[in-house]
Amino acid sequence: MNSRVSYMLARQYDRLSERLEKGFDGPRLRTTVVGDLTGRVLEIGAGTGRNLPYYRKADHVVAVEPSAGMRARLTGKLDGVVPTVEVIDATGEQLPFQDGEFDAAVCSLLLCMVDDLDGVLREIHRILKPGGALSFFEHVRDVGRRGRAQDLTSGLLRRVQFGCRPNRRSFERMEAHGFDVRLSDPVRIKPKPPLSGPYFTGTARRR
């Protein structure tokens, strides 16, 4: 993504997110995902930093974001934020950190977007301490007829929804890469997205 497009999208991101979150309780969901995380936390694909106000217990947050536009808006929100936040230009496929460096990791609507899902999950597993957990809000392929419709439309939706793939089997891949996955009840979004979901929060703990 070129820099000009990056900044254009970043300018619209918070406004669009606020509109979408009217379909569910955004603050409550963000508190569920990041509010109880402790120690050193890595957020991958941190966007414009919408999760930052909800880190209540972490000692230090490292926010990874490859988009220059998103990083610029994120950095502008750091004044007065507790805990301390470090912003890094990197991708989930190549995290510039040591093995076992983090107590927890976070991703929100990221795994449907990344080019190499398995590569990202391998990296998250690598940088977490044994027993550390990935806390997430993600959507995955549905079952039955709706899942087959997601398979058929995934290529088109990827082009018109900034790379989103509605038929990702992210939780199955987490299990395959050494995580024990625990899901919440499905997150109810109104109106229901026609070709994406179900949506879940949950944790994937490193074995």
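Colleague: In which helix is Arg71 found?

Modeller: The model is a predicted one. In this model, residues 68-75 make up a helix, and Arg71 belongs to that stretch. The element that holds Arg71 is helix 3.

Colleague: Is Arg71 buried or exposed?

Modeller: The relative accessible area of Arg71 is 17%. A residue counts as buried under 20%. Because its value is 17%, Arg71 is buried.

Colleague: Which backbone oxygen does the side chain of Arg71 reach?

Modeller: Residues that Arg71 touches include Gly47, Pro66, Val87, Ile88 and Asp89. Glu65 is also among them. At 3.0 Å from the side chain of Arg71 lies the backbone oxygen of Glu65.

Colleague: In what order do the seven strands of the open sheet come?

Modeller: The pairing in this sheet is mixed. Strand 3 (84-88) and strand 6 (179-183) each pair on one side only, as edge strands. Neighbouring strands are turned against each other by 20 degrees on average, direction ignored. The order is 3-2-1-4-5-7-6.

Colleague: Which residue is the bridge partner of Leu134 in strand 7?

Modeller: Strand 5 covers residues 128-139 and strand 7 covers residues 199-206. These two strands pair in the antiparallel sense over seven bridges. The partner of Leu134 in strand 7 is Ala204.

Colleague: At about how many degrees does helix 4 run to strand 5?

Modeller: Helix 4 is made of residues 117-127. This helix lies across strand 1 (39-44), strand 4 (102-108), strand 5, strand 6 and strand 7. Its angle to strand 5 is about 140 degrees.

Key
Residues numbered from 1 in each chain as written. Predicted model: local features only at pLDDT ≥ 70, side-chain atom pairs only at ≥ 80, totals over all residues. Heavy atoms only, no water. Pairing = 2+ DSSP bridges. Helix = DSSP H or I, 4+ residues; strand = E, 2+ residues; numbered from the N terminus. Axes fitted to C-alpha atoms, helices over the stretch in contact; angles between N-to-C directions. Contact = heavy atoms within 4.5 Å. Buried < 20%, exposed > 50% of the residue type's maximum accessible area, 1.4 Å probe, protein only. Polar contact = N/O pair within 3.5 Å; in protein donor to acceptor, adjacent residues only side chain to side chain. Lists of a residue's contacts leave out its neighbours within four places in sequence.
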